[in-house]
Amino acid sequence: MRDSIVFVVFVLVGLVSKCEGAALLSGAKVAQMKSVIPSGSLTHFCVITGWDNYNTTLESYANMLGQDVPKIGRAGGLDSNGTYLGKRLLGTTKIAFLNLNNMTYMEFLSGDPDYPSWWRDVYNVKGKEIHHMGYHIDEPIWPAVQKFEKAGLGIAKQWARWGEMEHPGSGCYVYMDSQETLGVTTEILVAILVMKCNLCSETVLSDRQTSMIVIVFQKHHQLSLANNF
């Protein structure tokens, strides 16, 4: 009888140890995944729609949320100094925003049908849908892109800058094609500090963001992407 009790205790201790080990492994995997993109960095999601029915889509969402229809702008193109599939980004998009709460907003995009872009090409394949989830991070963007790729979550397809680089509110983004792994494109964004180079008239990155210089990505992907951002 005593031997039976000892055996049962031994088995139970073994099961507990296995469970604790599995929990530790599971926790390590979760921590590893969280390190790819910082927790709490999600700021928005984007609806992509057609060029000709953009206004209708935007009005429908504004009416549903009881908000005024927002002003429609344009983004992308040569001014964004962007790259799409290894070539200069010529495509533009209509763009507007609706606030949902203090932390999250909705973005509405529609790629110009006459020029290649991740906006246009995703819409041409999938139609109206959630185009991407946007994550603003407070760290250099290219190491984050590399971590995302090394994790097997997707690869960079399009990147560019937004805003006037000498003014607050400017930054850069990268679209990661994570449709197969996550069901949606992932957008990684960074608001960057800039300064004027004393030796030339070009805008350059601050010391805090030097690792974002495109040569890092150029070396990683072996593409000709000089002067990006």
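# Talking through the predicted model

Biologist: Where does Asn 81 lie in this chain?
Modeller: Asn 81 lies in the loop that runs between strand 2, residues 73-76, and strand 3, residues 83-84. Please keep in mind throughout that this is a predicted model.

Biologist: And what is phi like at Asn 81?
Modeller: Phi of Asn 81 is near 50 degrees, which is a positive value in a residue other than glycine.

Biologist: Is Asn 81 buried or exposed?
Modeller: Asn 81 counts as buried because its relative accessible area is 11%, and the cut-off for buried is under 20%.

Biologist: What about Leu 85, where is that found?
Modeller: Leu 85 is found in the loop between strand 3 and strand 4, the latter being residues 87-88. Leu 85 also has a positive phi, of about 55 degrees, although it is not a glycine.

Biologist: Buried or exposed, that Leu 85?
Modeller: Leu 85 counts as exposed, since its relative accessibility is 52% and exposed means over 50%.

Biologist: Let me step back. How many helices and strands does the chain have?
Modeller: The secondary structure comes to six helices and twelve strands. The chain has 229 residues, of which 38% count as buried. If you take the contacts with a separation of 6 or more, residues 24 or more positions apart account for 60% of them.

Biologist: Ok, helices then. How far does helix 2 reach?
Modeller: Helix 2 covers residues 54-65, twelve residues in all, and reaches 17 Å from its first C-alpha to its last, which is close to the 16 Å expected at 1.5 Å a residue.

Biologist: Which of the residues in helix 2 are buried?
Modeller: The buried ones are Tyr 54, Thr 57, Leu 58 and Ala 62. These residues are on the same side of helix 2, because they cover an arc of only 130 degrees around the axis.

Biologist: What do those buried residues pack against?
Modeller: The buried residues of helix 2 pack against strand 1 (42-48), strand 5 (92-99) and strand 6 (105-111). The face turned away from that buried side carries the exposed residues Asn 63 and Met 64.

Biologist: What follows helix 2?
Modeller: Helix 2 is followed by Gly 66, whose phi is positive, near 70 degrees. Helix 3, residues 118-126, is likewise followed by a glycine, Gly 127, with a positive phi near 80 degrees. Within helix 3, the residues Trp 118, Trp 119, Arg 120, Asp 121 and Val 122 are buried.

Biologist: Changing topic: which residues of the largest nonpolar core touch the most other members?
Modeller: That core has 17 residues, and the ones touching the most other members are Ile 141, Val 145, Phe 148, Val 174, Met 176 and Ile 188. Helix 4 (141-150), strand 8 (155-162), strand 9 (171-177) and strand 10 (185-190) each supply at least two residues of this core, with helix 4 giving the most, five residues. Apart from it lies another core, of 13 residues, which includes Leu 89, Ile 95, Leu 109 and Tyr 173.

Biologist: Strand 10 came up there. How many of its residues are buried?
Modeller: Six of the six residues in strand 10 are buried. Both of its faces are covered, with Thr 185, Glu 187 and Leu 189 on one side and Thr 186, Ile 188 and Val 190 on the other.

Biologist: In what sense does strand 10 pair with strand 7?
Modeller: Strand 7, residues 129-136, pairs with strand 10 in the parallel sense over five bridges, and Tyr 135 stands opposite Ile 188 in that strand. Strand 9 is also joined to strand 10 by five bridges, but those two strands run antiparallel, and here Val 174 stands opposite Ile 188.

Biologist: There's a glutamate in strand 10. Is Glu 187 buried or exposed?
Modeller: Glu 187, which is found in strand 10, is buried, with a relative accessible area of 3%.

Biologist: So what does the side chain of Glu 187 make a polar contact with?
Modeller: The side chain of Glu 187 makes a polar contact with the side chain of His 44, at 3.0 Å. Leaving out residues up to four places away in sequence, the residues that Glu 187 touches include Glu 107, His 132, Met 133 and Tyr 173.

Biologist: How many residues apart in sequence are Glu 187 and Met 133?
Modeller: Glu 187 and Met 133 are 54 residues apart in sequence, while in space they are 5.9 Å apart, C-alpha to C-alpha.

Conventions: Residues are numbered from 1 along each chain as its sequence is written. Side-chain values use heavy atoms; hydrogens and water are left out. Buried means under 20% relative accessible area, exposed over 50%, partly exposed in between (1.4 Å probe, protein chains only). Helices (H or I, at least four residues) and strands (E, at least two) are DSSP runs, numbered from the N terminus. A nonpolar core is a set of buried Ala, Val, Leu, Ile, Met, Phe, Trp, Tyr and Cys residues joined through side-chain atoms within 4.5 Å. Contact means heavy atoms within 4.5 Å. A polar contact is a pair of N or O atoms within 3.5 Å; within protein, one must be able to donate a hydrogen and the other to accept it, and residues adjacent in sequence count only if both atoms are side-chain atoms. Two strands pair if DSSP finds at least two bridges between them. The expected span of a helix is 1.5 Å times one less than its number of residues. The arc is that of the directions from the helix axis to the C-beta atoms.
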